[in-house]
Amino acid sequence: MGIKILLVDDSAVMRKMITRSLRQANLDTDEILEANNGQEALEVLAAKSVDIILCDWNMPVMDGLEFVTKARESDTTPIVMLTTEGTQDKVTMAMGAGANGYLTKPFTPENLEAAIRQVLFADENAA
Amino acid sequence: MAESKQSDPNQFEPDELVAFPDDIYEDETLSEFVTEARGHIEDAEGALLELENDPYERDLIDRVFRAFHTIKGVAGFLQLEDMVVLAHSAEALLDRFRQTGFACGSEQASHVLEACDAMTSLIGHLAGDPAPKRKQLHDLAARLARVAGELTEDPGADSSATGATAGGAPASAPEPEAEVEEPAPREPEAEAGPPEQPESKPASEAPPKRRRRAKATGPSIQVGTRRLDRLVDMVGELVIAQQMVAQDPHLAKLRNDQFERKLAQVSKITRDLQESSMSLRMVAMKSTIQKMTRLVRDVASRSGKSVEFSATGEDTELDRNVVEAIGDPLVHMIRNSIDHGIEPEEERVRVGKPARGRVELRAYHRSGSIFIEIRDDGRGLKREAILAKAISKGIIPPDSSVEEMADAEILKLIFQPGFSTASTVTEISGRGVGMDVVRRNIEALRGKIDIQSEEGKGSVFTLRLPLTLAIIDGMIVRIGETQFVIPTLTIEQTMRLDEHKRHKLMVEGEMINVRGSLVPIHRLTQDLSVAPQGECQDTTLVQVEANDRRACLAVDEVVGQQQVVIKSLGKALGRTNGLAGGAILGDGRVAMILDIDSLLTALETPLATV
């Protein structure tokens with residue numbers, strides 16, 4: 001059974017890039033869902049369950065931090081924050097709010113795979 | 001944090017061009033990125049211009065930040081290094097505003113606008129435009145970093161430097177602390193300090209917080225315009241085919257109720273389909289207006305004039321193809337208004353006007369057309385100056401009886417080829433295009449341009465454009481046994497042919513006296529290569545006007561008015577003089593749409609005035 005992934009990013013091109021990285025990575029992906037922002041991501045989560053969420057920081061309507069905070073009220077799906085360089089201070093905030101890992105853009109498919117494996121693995125351990 | 005991406009601009013040769021990796025052009029996401037990035041930059045520009053009125057508005061700074069941030073992210077994946085450097089430096093500067101609470105006043109906004117321009121040229125290069133110079137980009141990036149670095153003193157010192165609206169900036173800057181927090185309403189349990197923002201902004205200087213929320217439009221997808229155009233064309237064909245079925249005489253003989261009902265149903269659906277497919281191509285004026293806002297700013301600052309620009313009608317929608325085509329004429333008209341209309345500050349003050357000039361753009365719908373008005377409160381057009389110029393340029397003969405010319409006629413002289421009111425050709429409006437080109441462009445869109453001007457008070461240029469290029473409002477006339485469509489916009493009046501008023505002149509042909517002026521009468525039977533069949537009884541005259549020429553067309557009957565879908569005549573006929581295209585009428589018959597301008601040219605009509 002492959003991994004179900006929810007991708008949250010306001011840029012359609014970015015989602016495509018990440019999807020491509022996911023396909024290139026050595027991961028058995030089953031389904032990749034997409035959301036434009038935190039608000040949409042919450043709606044997706046309310047309807048479907050996924051194995052892991054990859055979430056951008058800076059988005060209109062509901063940004064990454066708010067999303068993590070809201071999602072954690074009812075959901076324990078692992079979340080990997082996709083940051084860009086220069087926002088490390090925010091990583092701390094996101095982790096504090098309940099994110100499970102982060103990855104700095106741009107990343108290689110290998111990095112992406114490693115980050116996902118690490119988080120999923122950590123999750124299994126915790127469970 | 002900013003330093004890591006900063007490079008030394010001096011490592012580049014002055015002429016070195018930006019070179020993106022070769023394989024980028026094969027990347028299938030590239031065109032999407034170009035579209036998306038352009039959208040981001042447009043949005044950023046809009047927000048920057050709004051910031052000038054509202055330099056503390058956090059939402060606006062966030063919007064600009066996000067634009068560069070997103071571009072940087074994708075550019076990183078695509079390994080577009082120069083783009084990353086530029087986006088990063090802009091983003092870092094914007095982040096400084098957020099962190100320090102400094103006003104992003106017009107001076108600072110200028111730097112970021114420059115970054116927008118540079119980014120636009122980089123994006124353009126991805127889309128096949130010439131490469132920008134590398135050093136310039138990196139110089140700009142370095143400058144942005146420097147500006148960001150300067151934002152460290154307390155905001156009190158800043159207000160003098162920017163000249164922004166920060167009237168009584170607080171000496172005890174409480175603002176920065178409050179502003180370091182993330183924006184937007186946040187859950188308090190997010191462990192960080194209590195973001196309660198007590199009196200972080202003194203009431204005197206804090207602009208009222210306006211919460212603009214974009215209209216909820218639901219999710220959207222991007223579709224290539226070519227596919228869209230094709231769809232609209234196909235629907236046009238469908239409408240015609242449907243009408244042909246509806247009017248088929250054999251089917252009409254059936255007199256079958258059920259069939260009629262079904263046919264009515266099909267007609268209704270076809271009409272709805274046509275309407276909604278047309279609406280797909282409609283776009284709001286917003287981005288055009290935004291570009292004009294930017295233009296006013298640039299032109300005003302370059303010409304050293306202070307100009308306030310206001311625009312209404314952002315939501316006015318018109319055909320995308322029209323929007324694209326009016327860009328240049330609008331640019332030219334606005335440059336014109338600022339360059340020639342708005343007086344220098346001293347002069348304005350001397351004549352008792354506000355020092356700041358005003359240029360206003362209004363876009364609105366009225367009776368099936370789009371109107372765009374450009375209004376300035378400048379010096380207006382001088383009757384004598386125009387006449388003198390027109391005579392010196394040989395546009396009108398020196399012995400013209402100018403006293404008899406109506407003001408409107410005189411004003412229209414500025415649209416004549418070779419006329420340009422600029423006494424000094426400035427860098428800004430001296431682009432070699434005159435108002436004649438503007439008019440030609442507008443008329444090519446089947447639009448009209450009008451001027452009203454009052455000396456000393458200002459001028460108003462009014463463009464009237466069709467909502468769409470695919471449909472035309474036409475008057476259907478019958479000449480002999482043939483029907484023609486005359487575009488309604490060109491028609492001045494229709495009248496019964498009154499024998500008493502008709503003058504037969506040996507040399508100039510037939511004329512008719514219309515309220516004191518002689519207007520030539522033309523018969524398509526004689527004059528047009530695509531002549532109608534049958535004899536014309538010429539009982540009715542349709543007076544038309546195009547490009548300042550007037551003429552009456554003799555017809556047998558005005559059959560009615562109708563919107564028709566324009567069909568191109570196809571390659572076989574090509575551009576036939578006098579014809580704008582074909583249309584299929586309600587009864588399934590084909591009618592030619594007359595192109596009055598080229599028709600009159602073909603007929604070599606002498607100027608019908610005087």
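This is a predicted model: local features need pLDDT of at least 70, side-chain atom pairs count only at pLDDT 80 or more; totals for chains, interfaces and linings use all residues.
Local features were required to have pLDDT of at least 70 and side-chain atom pairs pLDDT 80 or more, whereas totals for chains, interfaces and linings use all residues. Side-chain values rest on heavy atoms, without hydrogens and water; residues are numbered from 1 along each chain as its sequence is written, and chains are lettered from A in the order in which they are written.

The largest nonpolar core comprises 73 residues. Such a core is a set of buried Ala, Val, Leu, Ile, Met, Phe, Trp, Tyr and Cys residues joined through side-chain atoms within 4.5 Å, where buried denotes under 20% relative accessible area, exposed over 50%, and partly exposed the range in between (1.4 Å probe, protein chains only). The residues with the most contacts inside this core are Leu54(A), Phe33(B), Phe68(B), Met83(B) and Met119(B). With contact taken as heavy atoms within 4.5 Å, and residues up to four places away in sequence not counted, Phe33(B) touches Val13(A) as well as Ile71(B), Val74(B), Ala75(B), Leu78(B), Leu80(B), Met83(B) and Leu126(B). Another core, of 46 residues, lies apart from the largest one and has Val299(B), Ala300(B), Phe309(B) and Ile342(B) among its members.

Over all chains, the structure holds 36 salt bridges, each defined by a side-chain nitrogen of Lys or Arg within 4 Å of a carboxyl oxygen of Asp or Glu. One of them joins Lys353(B) and Glu343(B) at 2.7 Å, N to O. Lys353(B) lies in the loop between α13 (345-350) and β4 (357-366) of chain B, and Glu343(B) in the loop between α12 (320-341) and α13, so the pair ties together parts 10 residues apart in sequence. Helices (H or I, at least four residues) and strands (E, at least two) are DSSP runs, numbered from the N terminus. Lys353(B) is buried at 15% relative accessible area, and Glu343(B) is likewise buried, at 4%.

Asp377(B) and Arg348(B) form a salt bridge at 2.8 Å, N to O. This pair links distant parts of the chain, 29 residues apart: Asp377(B) occupies the loop between β5 (369-376) and α14 (383-392), and Arg348(B) helix α13. Both residues are buried.

A salt bridge of 3.0 Å, N to O, connects Glu545(B) with Lys448(B). Glu545(B) belongs to strand β14 (residues 540-546) and Lys448(B) to strand β6 (residues 448-454) of chain B, so parts 97 residues apart in sequence are tied together. Glu545(B) is buried, with a relative accessible area of 7%, whereas Lys448(B) is partly exposed, at 27%. Elsewhere, Glu45(B), Asp117(B), Arg294(B) and Asp298(B) are joined into one network by salt bridges that share partners.
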